[in-house]
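Please look through the structure shown below, and then read the report that follows, which moves from single residues to the chain as a whole.

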Amino acid sequence: MSADIRTINASGATSERLLAAAETLILRVGSAGLRVRNIAKEADANVALVSYHFGGVQGLLAELLSVNAARIHASRSAMLDRARQVEKRKDRLDSLISAYVDPIWLVQARWTAAPARMVVRECLNAMEQSALRARTVAQINASVEAVAIHLLPLLPHLSHGELVTRLRLLSGATEMLQPRLDRLGLFPDEGVMSRTRQSLLSDSLLRFARGALQAP
């Protein structure tokens, strides 16, 4: 049981404990390992409570997806609003790029220290077709489109389709910044990401993204 879940166990509602447990498990073992019994064990709760609170694993996944997708969407919307107010072309370009890439890897999941995007991805992989799943995918696509619309005037050498393709590729680059890569030793310095290191990685990612988008 993780330290976060122990804290929730001491003071939080059962539903919160179950959500924290599910989020922990889906990041630890992936969506394939998300079973009612495993969730209940991680949360130190009765197995019947998963159905009682969420109607089963799919309902729990739906709540995880909704909460974490909303966190990313809120962050990107706020950053995009600020970026629209920037006057200088270069600064506006950087602000728009940051509005796209930063929420992908910097917005923390609701109940764990991992990026919320990782939880969203695992939930989408595991969820059955549903109205919520379709709305979430549509919201993600609309969010990318909102950034692309404001970037296009600053990148006239790119067609709309090429710009969206490059933005999608950039989202893959953020995988290099996921905490799990620390454990694999794929960064020169190991350990928990400090604020200084996070800032350096953000700067590196911004320069990488700027070059990728401005390339012919």
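The side chain of Thr24 reaches the backbone oxygen of Ala20, at 2.9 Å, in what is a predicted model. Thr24 itself is found in helix α2, which covers residues 14–28. With a relative accessibility of 10%, Thr24 counts as buried, because buried means under 20% relative accessible area.

Asp44, by contrast in setting, has its place in the loop between α3 (36–43) and α4 (48–54). The phi of Asp44 is near 55°, which is a positive value in a residue other than glycine. Most residues other than glycine have a negative phi. Asp44 counts as exposed, since its relative accessibility is 53% and the cut-off for exposed is over 50%.

The table sets out the accessibility of these two residues.

| Residue | Relative accessibility | Class |
|---|---|---|
| Thr24 | 10% | Thr24: buried |
| Asp44 | 53% | Asp44: exposed |

What does the secondary structure of the chain come to? The chain has 11 helices and 0 strands, so that, when it is read along the sequence, the pattern is α-α-α-α-α-α-α-α-α-α-α, where helices are numbered from the N terminus.

Of the 216 residues in the chain, 44% count as buried.

Terms used:
Residues numbered from 1 in each chain as written. Predicted model: local features only at pLDDT ≥ 70, side-chain atom pairs only at ≥ 80, totals over all residues. Heavy atoms only, no water. Helix = DSSP H or I, 4+ residues; strand = E, 2+ residues; numbered from the N terminus. Buried < 20%, exposed > 50% of the residue type's maximum accessible area, 1.4 Å probe, protein only. Polar contact = N/O pair within 3.5 Å; in protein donor to acceptor, adjacent residues only side chain to side chain.
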